[in-house]
Amino acid sequence: MTSRIPRDSRLRLVRPRTLAAAPRAMTQRPARRPAPRPPEGTPAPAELARMARAVLAGAARVARWADATLSSGRHRDGTASGGTDDGGSEAKGTLSDATAQRAATDLSLTPDQVRADWDIARLAGLVEVHGGTARPGWRLRAWNRDDSAVLRGWVAFFDAWSLAHPGPDGREPAAVAEVVSAMPQVLSFLQLSAGPVPVPQLLDLLEQRVTELRTERCEIPYGPQPEPVESPAEDTPLAPLLDWALHALAAVGALTCADGQATLTPLGSWAVWVKLEQICVAAQSPAGNIEQGAEDMLRGCAQLRPNAARAEYRAWLAARPVGSAVTELLGAARGEDALLRGLAFEALRVVGAPAEPDVRSVADESYLRPYALLWLAEHDGHDPEDAHLVLTREEATWLWVDTAAAVADHGEAPLLVRHLESAVQPTVPALLDEVRAVGHPRTVQVLVALAAAHPDPALAKAVRRAAFQVHTGGN
């Protein structure tokens, strides 16, 4: 005979999981798009990573020096907001004169070389600036063992080529910006050519693309207009700017330029191919949600398995400015649907570092705090399996209830029962006591759904009693 006395049922102590787990049990596996193959002749990833490590060797060296020398707290004033010795002001993340000189002495470099390598390290993610403090990035930790981390670091450096090597002095800024905007098409042409291309041919292509950009942004207002006046950018010759762009891209390891011809390096050809693949994904999102708002996109992704959902997030993000995309995702996370809250932060994981300031700014909002703290912990280098340790017991319990609400709304009864295993409390009575205490607005509905789903009558009775007590405000 089954006892009707509520038992002190033990719960298996496991890591609390966010809502990313909920959609997995609710959906069926969609058809998978075969992974695209790089062009024939592209070196293996290990060889590409070796090339990337060679390009970024100086940056990695300075980043390791900073990690070993500055991490103890000595001379920390030289890493983040670092004031200069002459009383000037430096931007966050720059090196003070004293620190640059010290690094130059230790590494047998000049201070200018140290500063250049430090800037490259920041662009490649080997050094990250958080809240005014510079510290080693996760890519530096993985530098010797993770080829994919190295390649992502180099691609980040490649994307920032115009920051690593700013435009020539005395040139019209608008013209420089136009050339930067036009260079992806020039690089695509180089990639498709698969060999040396004469610079005059690239100049013709650049001029055509710049003309297209100027035409695209030309707006004709209603009514009579004065005679058009050419902007200074239109009078700027493009040949010197193309020369600057090619040499800047050569400096980051993307191409070589000699004898009046430009050729992509194997690393540059692979990177451009990756970018073209991303454009194709953005143009044809896997599940067709690219034109939807954040909420509808996330609802569509709830029907996908994790890998397919991440591909959809990437496509959706690729079609939008990062800032507005992050704002829209956080807006969706603030809604009443707990499932969308968890999925929004999964999409923000795809965004990565650019989302950090916005995620940090919402860490004080009760509905978003546990998600934001987990996101920030993983971003700061915590192992995802241990990230939950940053949560207080109350925050972990709140997250458990929020996740249970998502499962109750969108999942199946067995999944809700299995969700008990993710609670941090070791017993059901302890869980119920702390669930009642956190004051989540969905507590009653969660407990009622759990009581209806659980096969153990005694446990279900205890859960129903807890739901009634929350509903009536009793003990």
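Author: **The nonpolar core and its surroundings**

The largest nonpolar core holds 68 residues, and those with the most contacts inside it are Leu126, Trp154, Phe158, Met183, Leu206 and Trp270. Here a nonpolar core is a set of buried Ala, Val, Leu, Ile, Met, Phe, Trp, Tyr and Cys residues joined through side-chain atoms within 4.5 Å. Buried means under 20% relative accessible area, exposed over 50%, and partly exposed in between, with a 1.4 Å probe and protein chains only. Helix H9 (residues 173-193) gives the largest share of this core, 8 residues; helices are DSSP runs (H or I) of at least four residues, numbered from the N terminus.

Before going on, please keep in mind that this is a predicted model: local features need pLDDT of at least 70, side-chain atom pairs count only at pLDDT 80 or more, and totals for chains, interfaces and linings use all residues. Residues are numbered from 1 along each chain as its sequence is written, and side-chain values use heavy atoms, with hydrogens and water left out.

Let's look at Trp154. Leaving aside residues up to four places away in sequence, Trp154 touches Ala52, Val55, Leu56, Val252, Gly253, Ala254, Leu267, Gly268 and Ala271, where contact means heavy atoms within 4.5 Å. A second, separate core of 67 residues includes Leu329, Ala355, Leu432 and Ala467.

Rings of Phe, Tyr and Trp (its six-membered ring) pair if their centres lie within 6.5 Å; planes under 30 degrees apart count as stacked, over 60 as edge-to-face and the rest as tilted. By this rule there are 4 aromatic pairs. In one of them, the ring centres of Trp161 and Trp244 are 5.2 Å apart and the planes stand at 45°, so the pair is tilted. This pair links distant parts of the chain, with Trp161 in helix H8 (residues 161-164) and Trp244 in helix H11 (residues 239-251), 83 residues apart. Trp161 is buried, at a relative accessible area of 6%, and Trp244 is buried at 11%.

Tyr367 and Trp398 form an edge-to-face pair, 5.4 Å centre to centre with 65° between the planes. Tyr367 sits in the loop between helix H17 (356-361) and helix H18 (369-379), while Trp398 belongs to helix H19 (residues 393-410), 31 residues apart. With 33% relative accessibility, Tyr367 counts as partly exposed, whereas Trp398 counts as buried at 9%.

Definitions and conventions:
Helix = DSSP H or I, 4+ residues; strand = E, 2+ residues; numbered from the N terminus.
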